[in-house]
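Hi,

Here is the structure I said I'd pass on.

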Amino acid sequence: MTDFKTLQLLDKFRIVFVKMGIDYEMMRKILHIKLTMDERKVPTLFNQARKKDDQKYGYIKSLWIYTLFGLVLIPFMGFGQNFLFQMSISFAMIIFLIMTSLISDFSSVLLDVRDRSILSTKPIAARTINAAKFMHIFIYLTYLTIALTAIPLLVGLFNQGITFFILTVLELILINLFIVALTAILYIVILRFFDGEKLKDVINYVQIGLSLMLMIGYQVLIRSFEFVNFDMVVAFHWWSIFLIPMWFAAPYELLLNGDKSLFTVLYCIFAIVIPILSIWLYVKLIPTFERNLQKLLSTSKSKKEKNNRLKAFLLKIICRTNEERAFYRFASLMMKQEREFKLKVYPSLGFSFIIPFIFMFTFSRHENVDYSVSMGYLNIYFSMLIIPSAVLMLGHSEKYKAAWIYKVFPLKDYTDLKKGSLKAFLIKLYIPLYIFLSMIFCFIYGTRIIPDLLIVLVASCMYTVICYISIGSKIPFTKPYNEIGDAQGWKSLILFIPLGALAGLHYFMIASISYGSIIYLIGLIITNFILWKLAFKRTKTA
């Protein structure tokens, strides 16, 4: 078999693994097999239908997109001397991209129990197996980090000097070690308290929560700095010590700018000590981790949902036929139970909740806004950003091969299936988000905005149908996720145009016409009714 360059490089650090009590030769063999198998694997970001000949080194070939993302880092890493600000922003972006890649592509490696049936029956120490697992992830995150930072680092080497370059390389190694160890420790804690199916759900929600925390953390980081005479000045608060990107930015201030303030020195200590401490803690917890991983193989019985008369009555109003109600319940269960769907859609649901407030507070940050007359509540339209991606995902499933069951049913057409699934998305996912946002916006802007909030609700129903028509009327849950290609992704982006048109027309109606809100609401209701009727004309099944 052909040897890997990464393993040849790893051989130079053999003594480090031996000192840690790891069987290096065995770890290398396990890694070799895993890397060979991974030549046919494509990461989530590019998980689309490909020819077999094009699957080799799929992960490596896909890293060009991270190189493009890395170009954004050039102004921060290549120019200027305000290192605490510049490198905090740079490391925030880097940590966000690495962490999301780890969550989406490599959590399954950390939590893999399939190896146990083979490796655990052999005389191989658990420490060696886990070291191989850790290094497997670390190798790929190193590829990603190189793709992301290579060009900014070269610009930094040319403009900032060799000290900056070496320091950044060391920091990036520490960041990768810290991210992998932190994620593993978090999963160890979860494994300690939950069993079987419940555990898998909790892990799924943690992955979603991490994605949201990264986005919120980025916003908090930005607000730690203020413009003073066109220069960025850090505003230290007690909670600043929890901003991880600032830990790794502090050594630049200390070594290159000579800043020896208390916070700078404290951050430098954190940047070195905490990654090393997290790795040490992970190694210590490996035996516990391995024992608790067995829980992933257990299953728990699902509880039957109690029959609720009010829910049944409302469902009869929402869905007019028995078939539509049946498929509404089916789609609701799929969205609730399918982890891949939740992992792909629920983070977007969280972003859709956060983004309206980010825009609202960003635009009002340096102004005294009178909320009693402000039209800032129109930022609630940003909550509809989830709709294109969710409608796209409704056509896909992990268990798409079970779609043969549709052919068994005595269905005249698939209209009720499609309509019931879209209504399930609106009722179960989007409308609860919308109601919660509306309550907060009513508290901020007053009850005067209720007619406008009703407009947004009707517009969201209409926008859902527009997305459904534009993306393609797939039969729900019948396609694998790896068939989501670039063309579908571009369609989702283009669908932001009609969303902007709906928001723009809303603004125009209330700003220019008396009783514009009422007129627009009536027009939307009529258009929405017609559009749903036209979109779901009954057609014969194929």
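First, the ground rules. This is a predicted model, in which local features need pLDDT of at least 70 and side-chain atom pairs count only at pLDDT 80 or more, while totals for chains, interfaces and linings use all residues. Residues are numbered from 1 along each chain as its sequence is written, and side-chain values use heavy atoms, with hydrogens and water left out.

Helices here are DSSP runs (H or I, at least four residues), numbered from the N terminus. Two packed helices are described by the angle between their axes and the distance between the axes. The axes are lines fitted to C-alpha atoms over the stretch in contact, with angles from 0 to 180 degrees between N-to-C directions.

Start with α20 (residues 450-471), whose axis comes within 11 Å of that of α22 (residues 496-512), crossing at roughly 155°. That makes α20 and α22 roughly antiparallel (over 145 degrees). On the α20 side, the contact (heavy atoms within 4.5 Å) includes Ile455, Met462 and Tyr463, and on the α22 side Leu499 and His506 are among the residues. By class, the residues of this contact divide into 11 nonpolar, 1 polar and 1 charged. Nonpolar means Ala, Val, Leu, Ile, Met, Phe, Trp, Tyr, Cys and Pro, charged means Asp, Glu, Lys and Arg, and the others, Gly among them, are polar.

α20 also packs against α23 (residues 516-535), at about 25° and with the axes 9 Å apart. So α20 and α23 are roughly parallel (under 35 degrees). Among the residues that meet are Leu454 and Ile469 in α20, and Tyr520 and Trp532 in α23. This contact has 18 nonpolar, 3 polar and 1 charged residues.

Elsewhere, the axes of α15 (residues 322-337) and α19 (residues 415-445) come within 7 Å and cross at roughly 50°. The classes here are 9 nonpolar, 3 polar and 6 charged.

Finally, what about α9 (residues 126-160)? α9 spans only 44 Å between its end C-alpha atoms, whereas a straight helix of 35 residues would span 51 Å (1.5 Å times one less than the number of residues). A kink of about 50° lies at Thr149, shortly before Pro152; the bend is the angle between axes fitted to the seven residues ending there and the seven starting there. After α9 comes Gly161, with a positive phi near 105°.

Cheers

Terms used: Helices (H or I, at least four residues) and strands (E, at least two) are DSSP runs, numbered from the N terminus. Angles under 35 degrees count as roughly parallel, over 145 as roughly antiparallel, 65 to 115 as roughly perpendicular and the rest as oblique.
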